Amino acid sequence: MFTRIIYGDSTAFFTIAAFGVATSIFITISWRALRMKRPQIEHYESLPFLTATPAADGEHPAAGGQHSTSEDEPQLRT
Amino acid sequence: MSAQKTTVEFNDKVVRQFLLASVIWGAVGMLVGVLIAAQLNFWQLNFGTSFLTWSHLRPLHTNAVIFALVGNMMFAGVYYSTQRLVKARLASDFLSQFHFWGWQAIIVAAACTLPFGLTRGQEYAELIWPINLAVVVMWVVFAVNFFWTLARRNEPSLYVAIWFYIATIITIAMLYIVNHLAIPTSWTHSYSLFGGVQNALVQWWYGHNAVAFFLTTPILGIMYYFLPKAAGRPVYSYKLSVVHFWSLVFVYIWAGPHHLLNTSLPGWLQDLGMTFSLMLWAPSWGGMLNGLLTLRGGWDKLRTDPVIKFFAAGVTFYGMSTFEGPLLAIKSVNALAHYTDWIIAHVHGGTLGWNGFMAAGMIYWLIPRLWNKPLHSTGLANLHFWIGLVGILLYVGAMWASGITQGLMLNATTEHGTVLTYPNFLDTVNAIRPLMLMRVIGGTLYLAGWFLMAYNLWMSIRGAQPVNGTIEVFKDEPGHAAPGGLSVAGWVMNPPVLFSVLGVGFACAWMFGGHFVSIAGLVGTMFCAVVAFTHFEARRNAWGDWYDRLLVSAVPFTVLTFVAVVAGGLIQIIPTVVIHRAANVEDRRQIPYTPLELEGRDLYVREGCYLCHSQMIRTLVPDVLRYGDYSRLGESIYDHPFQWGSKRNGPDLARVGGKYPNVWHLRHMENPRSISTGSNMPSFPWLLSNALDVSTLPRKIAVQRQLGVPYPQWTDAEIAASVDAQQKAIAKDLRDGGAYVAPDREIVALIAYLQQLGHYEKVVPTGNAPTLAD
């Protein structure tokens, strides 16, 4: 079944074919990415910022930022 | 439909736990690293004990920094960012805790077994089979917790960091399970299902992609979340991140064979490994630039903010390592660099620079937010950065110089390339001693920086109140699917998937089929491509819509990612497993070990000899001049596990059998310096005093037979008689050489194994088998 891959001269072709497949996937994905609409991009790139992060000084956590708790009694407020 | 406003409190307790574990285990792992680096300079630091010997501690170091430092850091980052990106608490508090404590138990188990020589003998896959099973269970727990959380998410869109986490989870599961397939012979020992070249290919498919999908993709996900948060601005280009992800996950998996260049691995696999490694330059640098450019407009923070410092340097080291990796995968460069310290420099540029600095940046960013208290000292964090950076530069610079020196000296020839310039291997060892010492200093500095972080962390959280993040979300009624997601039928019944499946099917028929099937496959492939293009031109919206809906559908996205990563592995492994068996071997075939030699080989694996000595003479003139005729594929076909090695701290042993008398080996193992003045090899005196345990030998031979090694149907008595006869013969020869040792000592079995290395039988062509001439 794999005779030609192992013993034949066509092994060089196999590498080229794999390279071709990888390149086509690269081009396809790049094309898809380049066609993304501005609102779509803005939505995705804003996702890390949709959850407010407390300030690093620990003194004025942002709204909805954090909730003090005991390690032994984690509370779910939903 | 009505929406209910609720407040979700995140499970940050498990994030804190993993974060602390990462710092503690990281310190342990790197401490062991500094010790083993020092042992290469000062052999006395092996202390003449088995469990503190270099070759027993080296697997502990690599496993600790990979699975304990980076593993725990990764879990902390994944759990923290995922909850916030999908606006949902982790699905199960029980699974979260089970995951944390289970993972720590695995680390402890590794620390209790590796120093005592309980190993599978494959790099980064050394843990014995019961621990392997525990790792698989814990990984499944992690996966269930993660995907269950995605299923409960309150944000339909999947940010690119989540994509990288998904790729990590499914790919590591696949790699780990396949590479650890084995048949146990006892509670602490097993033989790999794969042998020889098959084992080599599968091992480095795993080993390379453990770097890719354990040390890289999760950290990239962490970069895409934490770097924008720290910089206070979105990622530079989301489009670039999409290209980065798909090209990286597709290309990475093919590159494993670059660890086996110029060996007896079939040439087409070496070509594939090199080609795909070179292609990795593009996505890797795309990701690196995307990370660095996210800091646009915020470079001033570099002066003051240690988090930005660590992230910027970490991403820069990522770029450096991913430039160096493909460079080293070029065959001619690899001929110089492989088996030398250059590879050590490459690995540590990635682990210390990319993994270590990204971990430090993330930890410094998280500390105030998880404990609601400012960092104890920004100055100490900055000091950590500079000490760590100087440490890395010393380490990597020393190993670059050392590796290139080793490569040049070992490959140097004179007399028109017919004579080695430096025939004594120890010449190279002595030449790089100052550089090895510089590595110890660099590593110590880096470790000192890590301890500063641990102190800063302790001072910051001491007396602080742990806090969990919260978010208010609008929950839809239960059972409502995410808007725009793909239904089950929609996963499959759409143009991109159908045409891809058809195209791959026809292409396989073309490549692997017989004459008629091959022609039909070629025609089908061309027909499929034309129809797909025509359909795409006519129905662009259907194709584009499918992709957009995929981005909010976790399960089909995961399946597609799995297809992307599995393709490379299958195309490389299946032909190798099917065709490269002993029955098909040409030219030379390994002679199965005698029972005593098999026990000796297990001792060789136990003592970690493969970590310093390769058994693979490459198809390179200097290798052949130094070690003998180049290694053939069939000469290790029965080796479970293979022992080709990846580093030469000492010479290759593929043809050491018969080169020296038995007594030479005994003296050498007892005290290497009594034979080779200036050697840095540890002494192994316990081999002369330990009695050989042959109680599981019948079971071992039975398993070998199951694996295809042509042992006869020996009875237990026949096995014992064979062992006894060979032991007595070797003991007598030792006695004649002036060394008395009881026949049942471990050293006798090890000598039996070493003296057999390089022996083979000639294969007589049957006439039916294809030959190279065909």
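Just after helix 30 of chain B, B:Gly758 takes a positive phi of about 95 degrees. What covers them?

The largest nonpolar core holds 226 residues, and B:Ile363 and B:Leu750 touch the most other members. Helix 2 of chain B gives this core its largest share, 17 residues. In soluble globular proteins, nonpolar side chains tend to be buried together. Look at B:Ile363 and its partners from elsewhere in the sequence. Leaving out residues up to four places away, B:Ile363 touches B:Leu19, B:Val23 and B:Met453.

Now follow helix 2 itself. It spans residues 54-85 of chain B, 32 residues in total. At 1.5 Å a residue it should span 46 Å, and its end C-alpha atoms are 44 Å apart, so the two values agree. A kink of about 35 degrees is centred on B:Ala64. Helix 2 is also mostly covered, with 31 of its 32 residues buried. Just after helix 2, B:Lys87 takes a positive phi of about 55 degrees.

B:Ala76 shows the setting of one residue in helix 2.

B:Gly388 has 26 other C-beta atoms within 10 Å, so it counts as buried. Leaving out residues up to four places away, it touches B:Phe357, B:Tyr446 and B:Gly449. B:Arg233 is 155 residues from B:Gly388 along the chain, and 27 Å separate their C-alpha atoms.

Some backbone details deserve a look in the loops. B:Asn262 sits between helix 8 (238-252) and helix 9 (267-279) of chain B. Its phi is near 65 degrees, a positive value in a residue other than glycine. B:Asn262 is partly exposed, because it has 18 other C-beta atoms within 10 Å. B:Glu415 lies in the loop between strand 4 (413-414) and strand 5 (419-420) of chain B. It is not a glycine either, and its phi is positive at about 55 degrees. With 8 C-beta neighbours inside 10 Å, B:Glu415 counts as exposed. In the loop between helix 24 (621-627) and helix 25 lies B:Pro641. The peptide bond from B:His640 to B:Pro641 is cis, with omega near 0 degrees.

Zoom out to the whole of chain B. It is divided into domain 1 (11-466), domain 2 (488-584) and domain 3 (588-762). The centres of domain 2 and domain 3, taken over C-alpha atoms, are 46 Å apart.

Chain A has 78 residues, and buried residues make up 15% of them. Its secondary structure comes to three helices and one strand. From the N terminus on, the order is α-α-α-β.

How far should the model be trusted? Chain B averages a pLDDT of 91, and 96% of the residues score at least 70. Residues 769-774 of chain B are another matter. There pLDDT stays under 50, and the model has seven contacts beyond four places in sequence for this stretch. Where pLDDT is low, the predicted coordinates should not be read in detail. For the complex, the predictor gives an ipTM of 0.79 and a pTM of 0.90.

Key. Residues are numbered from 1 along each chain as its sequence is written. Chains are lettered from A and ligands numbered from 1 in the order in which they are written. This is a predicted model: local features need pLDDT of at least 70, side-chain atom pairs count only at pLDDT 80 or more; totals for chains, interfaces and linings use all residues. Helices (H or I, at least four residues) and strands (E, at least two) are DSSP runs, numbered from the N terminus. The expected span of a helix is 1.5 Å times one less than its number of residues. The bend at a residue is the angle between axes fitted to the seven residues ending there and the seven starting there. A residue is buried if 20 or more other C-beta atoms lie within 10 Å of its own, exposed if 12 or fewer, and partly exposed in between; C-beta atoms are placed from the backbone. Domain bounds come from an automatic or database domain assignment. A nonpolar core is a set of buried Ala, Val, Leu, Ile, Met, Phe, Trp, Tyr and Cys residues joined through C-beta atoms within 7 Å. Two residues are in contact if their C-beta atoms, placed from the backbone, lie within 7 Å. pLDDT is the predictor's confidence in each residue, from 0 to 100.
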